[in-house]
Amino acid sequence: MIEVHNLTKRYGAHTAVDDISFEAHPGEIVGLLGPNGAGKTTTMRMLTGFMPPTSGTARIAGFDVLTDSLAARRQVGYLPERVPVYPDMTVAGYVSFWAKLRGVRNPRARVDAVLEQVQLTDRRHTLVRNLSKGLRQRLGLAQALVHDPPVIILDEPTIGIDPQQVIEVRDSVRALGQQHTVLFSTHILSEAEQICDRVLIINRGRIIAQGEPAALRHQLQPGQHLYIQIAGASRGEALRLLERIPGVDSVRADDDGYRLRARPDVDVRGEIAERVVKAGFRLLELRPVAMTLEDIFLDIVGRGS
Amino acid sequence: MLRATWLVFQREIGQYFASPTAYLIAAALLLLTGLMFNSDLTFSLTVKPADPSLVPTFLSFAMVFFAPLLTMRLLAEETREGTMELLLTAPVADVAIVLGKFLGAWFYFSLLLAATFVYQIILVVITQPDLGHALSAYIGAWLYGGATLAVGLLFSSLTENQIVSAFLAMSVLLFLWLGDLAGEIVASVDLARVIREISLQGHYTTSFAVGLVRIEDVAYYAGIIVVMLFITVRIVESHRWR
């Protein structure tokens, strides 16, 4: 549904998006994950036809965004990061304007349906200027959905709204994934993990990792990670003891205990318990650690720079 | 294309009447023209016959100052609010957006102009004005207004700051307007002619205002409108490249 090949955007000497390629299939929710300034917005702006790529191609539902721009734009619903509003219009008038501009056949029915979908029906006659930030976000979503596009592009839809509303927006994005292809950007890792079928981690304009959130974690986290707390041993003694255990790759001090990485094929837990006790120390805690996407992300971004 | 132009046009008209600016400008212009008309009428009791082109001539002059106020918002606000991004990613041609905006502003001005017909009605009731003269002045003022609005729209596309937009448009319009005076003081007759030919006044005061509709003057104002709109479309397109 979205096909991107070697897409690049340069501003003078600065390369905002550097040779990225990816695809999104129908019904898939793809997350663009990266820190601010990573090139997420620029990528989206190229896909929506707002700005042309310096090189490379992008297709939306088979239409090239550059050579077949109008047809490609018809397939996209777009919500920019800062919800663009006409403060002097009513909620229904605003949504209706975009519906008609995008050539919706039965605008009145679609406006009703989409206002119901984002739960703004009771505000339909309210002036946009009087909406709270969270409601504006929903209005922005309504605008992006009103022409029922196959592809929906949302730029940081959960930024700057309160936690309850964040949950609502996440739920609605997830619901959208059933009928639409959704591309959305975020810099919040847990969010990408919760919502996306696939995550693209982007930093400094490049895709540095991609995959299903679970696979990504698996791929980037070879071996088992354990957290151990030992009483009665000095830091040096404990490190020396743990390092000598067969199958242990690395150990480092972490908070009050130790973070240990072991080979995936051996279970070192029994050996650890036995040796710690035999050495006369007390084992207070021994548990596996699941690396969060956050750790992975920091790991990769750190390596990237 | 037509559909998009119509929708943008409709929204602009709605905006004019939803904001107090449009009413304030209308009220100010009607008050000013009313005062002028009244004093001219007093004169015409004794000194000279009433001038049927008085009000449209004044309105066309006033547009040098009012057109930038009417147009400063049009594109600058869209850019500032970010709605430009949605407009440019909607499946509509850039020219449709610009045209819709321009026609919206021109339509509002046409309503203003039409409101001053009341003075002509008064004249018809109390005397026998030269209606042909009045009509030509109105056609001229209408075109003059369109040209000033096109200039204003151009500057609205250049910046997201409405004040800057209005200031620049007003400067350029004043320059185009004063060109008429500059033509009077330069020594070279040829240069003076050229300056006069490009000035807004040069195509109004000696033709439309005295009851003449000349094709060259119509072409001048139409040309200004077309050129300004063309440049504006190019500038809007360039938003995509920045």
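**The sheet in chain A**

In what order do the 4 strands of the open sheet in chain A lie? In this predicted model, the order is E12-E13-E11-E14, and the pairing is antiparallel. Strand E12 (248-254) and strand E14 (282-288) of chain A each have a single partner strand, so these two edge strands are left with one side lacking a neighbour in the sheet. On average, and ignoring direction, neighbouring strands are turned by 25° against each other.

To see one pairing up close, look at E12(A) and strand E13 (residues 257-262) of chain A, which are joined in the antiparallel sense over 6 bridges. Here A:Val251 has A:Leu260, in E13(A), as its bridge partner.

**Helices on the sheet**

Helix H9 (residues 235-243) of chain A packs on this sheet and touches strand E11 (224-231), E12 and E13 of chain A. The direction of H9 makes about 160° with that of E12(A). Helix H10 (residues 269-278) of chain A lies across E11 and E14 of chain A, and runs at about 165° to E14(A).

**Where the chains meet**

Turning to the interface, 20 residues of chain A are in contact with 17 residues of chain B. Helix H2 (69-74) and helix H3 (91-101) of chain A each contribute at least two residues to chain A's side. That side comprises 11 nonpolar, 3 polar and 6 charged residues.

**A helix in chain B**

Helix H10 (residues 215-238) of chain B has 24 residues, which at 1.5 Å a residue should span 34 Å; the end C-alpha atoms are 34 Å apart, in agreement. Buried residues in H10(B) include B:Tyr220, B:Ile224 and B:Met228. The buried residues of H10(B) pack against helix H3 (54-81), helix H5 (94-115) and helix H7 (131-158) of chain B.

Key
Residues numbered from 1 in each chain as written. Chains lettered and ligands numbered in written order. Predicted model: local features only at pLDDT ≥ 70, side-chain atom pairs only at ≥ 80, totals over all residues. Contact = placed C-beta atoms within 7 Å. Nonpolar A, V, L, I, M, F, W, Y, C, P; charged D, E, K, R; others polar. Expected span 1.5 Å × (residues − 1). Buried ≥ 20, exposed ≤ 12 C-beta atoms within 10 Å, placed from the backbone. Pairing = 2+ DSSP bridges. Axes fitted to C-alpha atoms, helices over the stretch in contact; angles between N-to-C directions.
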